[in-house]
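Hi there,

Here is the structure I promised to pass on to you. Have a look at it first, and then read my notes below.

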Amino acid sequence: MNFGKNILCIGAGYVGGPTMAVIAMKCPEYKITVVDTNEDRIKAWNSNHLPIFEPRLEEIVGQTRGVNLFFSTDIKNSIKEAEIIFVSVNTPTKTFGYGAGMASDLQYWEKTAYQIIENSEDPKIIVEKSTLPVKKAQAMERILKESKNHLHFEVISNPEFLAEGSAIRDLIEPDRVLIGSHQTESGLKAAIEIVDIYAHWVPREKIITTNLWSSELSKLVANAFLAQRISSINSVSALCEKTEADVSEIAYAVGTDSRIGSKFLNASLGFGGSCFKKDILNLVYIARNYGLTEVADYWEMVIKINEYQQERFVRNIIKAMFNTVVDKKIAIFGFAFKANTGDTRESPGKYVAKKLLEERAILSITDSQALDNARLDLAGMDGNVIYETDPFKAAIDASAIVVVTEWEIFKYLDYERIFEKMKKPAFIFDGRNILNHQQLFKIGFNVYPIGKPSLTHF
Ligand code: UDX
Ligand code: UDX
């Protein structure tokens, strides 16, 4: 078959996989190849058991794989053949050396840039999908300029705004697609090539083109703003617990102001996920590097409040359970950093579990998607952990239920039956405010929501 554009994506992760599957579905005339250094990951993409869980992903991969979507480990040849290369390798927070715990670890991106120049025989468009610190494109260009046959690589920034669990929907119906390029003739021409891809299904007015640096920074700022909203409402939740105000009522009252908006105001035990913390730390690091101390401090508080909220949640559990959880069985409902994903990166559930284990509790963790990751996350410290797929069984003989992920299924369990099987007094700590607190209280539970008065029988 003769394909139109030949597109390669390096990095078959949470971002690369779903993004390319949707491009393949929407652009049947293009050939899309996804490569990864991790052979097991590619094997999984080529199997019936995809390496990540996303609603509708299986269906779309099923339709396109082997037709115009290919998963491969042949990085060299794939680079040679591609006209457009998306790079979505991971850029975690640095764990060593200068900037440890703050800056992005760009070693994978850099290795990828070298792979590209070593294996290219003609000019290509390189698209940054991974979130990179501002002005990183410049460094990449400097590496890419070193190609042995003096090829020109035009670097485009096209940040992703996918939220896990709704990645496919976010790709099919995005609020916007952002494409940043140099404002030169070749930069603008390359940007049009990328606009062409998305224009197959995204209305043109939703495709925003900017200069390269605005695009890179917009991604960090978008995530910082989203996280800031959660930290804002979470800081208010602490105040609510002292004043008997109700954080949900406040979120509703405040969110109906159209200038503020109602989304992302759910108080919780804290935000998680691979992006928020990493991107804010990045923003903070960049601001500090430019000597903008106040700016850096301002954004850093978003993370501090998030840490405070998680800590506060665990402290409240221990305090409510008469200041000791030693040898008490506690059922942890959820483990993923949010519902509809198996991802546990930076999950507040992980923090809660580790802290309770340090306090010598016995945990039974139940999560329909994240138990494999939970096992990896708690490896070496899970002597007192039971992994259980059935929430009902997880709660048998437990003194408390701690909701850490907002899975729908937790809302509709038979809590009367669960209560009967639990140790008394029985506690529920609802870290997501998803349960019917009054009803649980009537059943006999002592109920501790976030940012609302607790309902206790003492
Ligand atoms: C990544 C980035 O972390 C994030 O900053 C960006 O916004 C989107 O892309 P994600 O897809 O969630 O996020 O990362 P991950 O699921 O870890 O996937 C990255 C993949 O790249 C992994 O499968 C890894 O094996 C692969 N990789 C890494 C390479 O193929 N080559 C490398 O040199 C390094
Ligand atoms: C986020 C951004 O939304 C996405 O645009 C970006 O590309 C990647 O980072 P993601 O991390 O997948 O996506 O999930 P998101 O839905 O943003 O949730 C992040 C965390 O905030 C989760 O732990 C979630 O439970 C929490 N959250 C979200 C709240 O605690 N309260 C809210 O109101 C919303």
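To start, is Glu-193 buried, partly exposed or exposed? Glu-193 is partly exposed, with a relative accessible area of 30%. Here buried means under 20% relative accessible area, exposed means over 50%, and partly exposed lies in between (1.4 Å probe, protein chains only).

Some background before we go on. This is a predicted model, in which local features need pLDDT of at least 70 and side-chain atom pairs count only at pLDDT 80 or more, while totals for chains, interfaces and linings use all residues. Residues are numbered from 1 along each chain as its sequence is written, chains are lettered from A and ligands numbered from 1 in the order in which they are written, and side-chain values use heavy atoms, with hydrogens and water left out.

Now the overall picture. The protein chain has 17 helices and 14 strands; these are DSSP runs numbered from the N terminus, with helices being H or I of at least four residues and strands E of at least two. Its radius of gyration is 24 Å, close to the 23 Å from the globule rule for 458 residues, so the chain is as compact as a globular protein of that length. That radius is taken over C-alpha atoms, and the rule is 2.2 Å times the number of residues to the power 0.38. Of the 458 residues, 56% are buried.

Next, the salt bridges, of which the structure holds 20. The term means a side-chain nitrogen of Lys or Arg within 4 Å of a carboxyl oxygen of Asp or Glu.

- Glu-193 pairs with Lys-5, their closest N and O atoms being 2.9 Å apart. Glu-193 is in helix α8 (residues 185-198) and Lys-5 in the segment before β1 (6-10), so the bridge ties together parts 188 residues apart in sequence. Lys-5 is buried, at 13% relative accessible area.
- Glu-160 and Lys-219 meet at 3.0 Å, N to O, and both are buried.
- Lys-278 bridges to Asp-279, with 3.8 Å between the closest N and O atoms. Asp-279 is buried at 0% relative accessibility.
- Glu-164, Asp-343 and Arg-345 are linked in a network of salt bridges.

Finally, find Ser-399 in the loop between α15 (391-395) and β12 (400-403). Ser-399 is buried, with a relative accessible area of 10%. Beyond its neighbours within four places in sequence, its contacts (heavy atoms within 4.5 Å) include Met-321, Lys-328 and Phe-427.

Happy exploring!
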